[in-house]
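Let's walk through this structure together, moving from individual charged side chains out to strands, sheets and the packing between them. Have the model open beside you as you read.

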Amino acid sequence: GATGTATATGAVGGGGGGPLSYAVLLHPEPFAESAPLEFAVTADSQVVVLAAVSGTRDGLFAVGVDGTNHRLIDEPADGDVGGFLVSPYGPAVIYTGGRGVVAFDRTTGVHTELDLRGGASFGSCTFVPDQLHVVCREPNQYGNYVYYLAPLDGSDSTPLAGLPLPSPDGQHLAMKVSDRLRLREITSGTEVQVGDEVGFYRWKADSSGILFTQTLYAAAPGLYQVAADGTGSTLLTSDIPTQFQVSPDGAWVAYTTSIVNSSAYDLYSLSTSGSGTPIPYDVSAFEPNHSTSGLRLDEITPDSQYLVFGAGSIGEQYHKLLYAGALDGSGSRSTLVNISGWPTLRSAHFVGITADSAWVVYGVSRDGTGNGLDISAVSPTGAARRSLLVPGEPRVQDTSDENVRVGPDSALVRAGDTHGLIRTDLATDGDPEWLVGPVRVDRFELTPTADHVVYIQD
């Protein structure tokens, strides 16, 4: 109930040194007691909040980031809302209540019950980019998962044979079924099977095709590319990747292969044109004792020029060394972070890359006791570097989305004993500054345009 928490929004830009004088209170009512504190930002910068309705039940509210048009968006017949999901592509919101799973269109105001077998427990659902469907995973009576493609208009859902991965344009689904890759055209329902002993797969960003691996047990192992309709299967390399990343423009793939009788890996980049040869990275130049052990591909820059990767990796995100290298093999590899000589428990944490590809944001643990991290940004060439913390700020707990967000040309960090928000404008030479503080921020989200931040203030 009334614990003093509230959801607020503030414009991202300028003005440190204290609490935001231009912050707007979005939802002052008590939050729900029977559900976790929840809010989400929609594709058009509305905010959806799960909160108590006059102390009688838990419901859903929506409000603009400017505080206008605050309204209840579920219906009394829904009873307590148990959970919700907002579409990152359009106006749809789905939520669970007494009627099962309901879709609400924020533009038309229409509520529609969805045809999902799991009723109020809708499992794990994902919106399809076509803005017309969701794909959902639900547990059955035997403890296994079943998958459905459910139209948002409430018409009959379609059982699927495997875990679906929608294409970025929302026209196709990719599923691995009995070690083969099945591609389904959503509108017609036509399915084709490709590959043999398929390992893992990724769509190209323009949805024109999908890349997949065939494992050692296949008749012809390697990395393949096929069109979205299943035609034109092409062997890119007979190497068997242990992981791979596709560049945003679809022209390059970066991948690692395991070295026989070793725990280390080789690293390559390769054109997806089908006529190129793998370009090896200079793995022999990696720091001694960290060589290629634990090699992890973090991300390719949005301009498709550089691969950011780590060596001496611990888990999924924590490295002793962080590098960037040109995908086309030009130039030398840049050492972004090197803490190989530091205490064993210290590590570098990759966070993200700005939309203009100018900055790689990362954290470095100060020691091995969990006493916080320094957050910094470095250019992919390693030529420029800057701190993202106010001088003397005591710590950032970790580099999860809860604490660090990278915007198109800025970064927000939830830091210090108060957990206020620090903003750095990476498009200029401005210093880090308090955006929200010294009040405690429990959670924050950037709007899609990154011109506002929505946060819960305790």
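Arginine 106 sits in the loop between β9 (100–105) and β10 (111–113), while aspartate 44 sits in the loop between β3 (38–41) and β4 (46–53), so the pair ties together parts that are 62 residues apart in sequence. Aspartate 44 itself, at 48% relative accessibility, counts as partly exposed. The term salt bridge is used here for a side-chain nitrogen of Lys or Arg within 4 Å of a carboxyl oxygen of Asp or Glu.

A word on the ground rules before we go on. This is a predicted model, in which local features need pLDDT of at least 70 and side-chain atom pairs count only at pLDDT 80 or more, while totals for chains, interfaces and linings use all residues. Residues are numbered from 1 along each chain as its sequence is written, and side-chain values use heavy atoms, with hydrogens and water left out.

How many salt bridges does a search of the whole structure find? The search gives 8. One of them joins the side chains of arginine 405 and glutamate 445, at 2.7 Å from N to O. This pair links distant parts of the chain, with arginine 405 in strand β36 (residues 404–406) and glutamate 445 in strand β40 (residues 441–446), 40 residues apart. Arginine 405 and glutamate 445 are both buried. They also belong to a network of salt bridges that links Glu38, Arg405, Arg443 and Glu445. Elsewhere, arginine 182 meets glutamate 191 in a salt bridge of 3.4 Å, N to O. Here arginine 182 counts as buried at 19% relative accessibility, whereas glutamate 191, at 30%, is partly exposed.

Now step back to the overall fold. The protein chain has 0 helices and 41 strands; helices (H or I, at least four residues) and strands (E, at least two) are DSSP runs, numbered from the N terminus. Of its 458 residues, 51% are buried.

Strand β11 (residues 124–127) runs antiparallel to β12, and 4 bridges join them; two strands pair if DSSP finds at least two bridges between them. Phenylalanine 127 has valine 134 in β12 as its bridge partner. The two strands form a hairpin with 5 residues between them, and glutamine 131 in the turn has a positive phi of about 65 degrees. On to the next partner: β12 pairs with strand β13 (residues 145–151) in the antiparallel sense over 7 bridges, with valine 135 opposite leucine 149. That hairpin also has 5 residues between its strands, and glycine 143 takes a positive phi near 85 degrees. Strand β12 (residues 133–139) is mostly covered, with 5 of its 7 residues buried.

Another place to look is an open sheet of 4 strands, in the order β23-β24-β25-β26 with antiparallel pairing. β23 (243–246) and β26 (279–280) stand at the edges with a single partner strand each, so one side of each has no neighbour in the sheet. Within this sheet, 7 bridges join β24 (residues 252–258) to β25 (residues 265–271), and serine 258 has tyrosine 265 as its bridge partner.

What about side-chain packing? The largest nonpolar core has 17 residues, and Val361, Ile375, Leu388, Leu389, Val396, Val404 and Val413 touch the most other members. A nonpolar core is a set of buried Ala, Val, Leu, Ile, Met, Phe, Trp, Tyr and Cys residues joined through side-chain atoms within 4.5 Å. β34 (373–378) and β37 (410–415) each supply at least two residues of this core. Beyond its neighbours within four places in sequence, valine 396 is in contact (heavy atoms within 4.5 Å) with residues including Leu373, Ile375, Leu389, Val404 and Val413.

Note on methods: Buried < 20%, exposed > 50% of the residue type's maximum accessible area, 1.4 Å probe, protein only.
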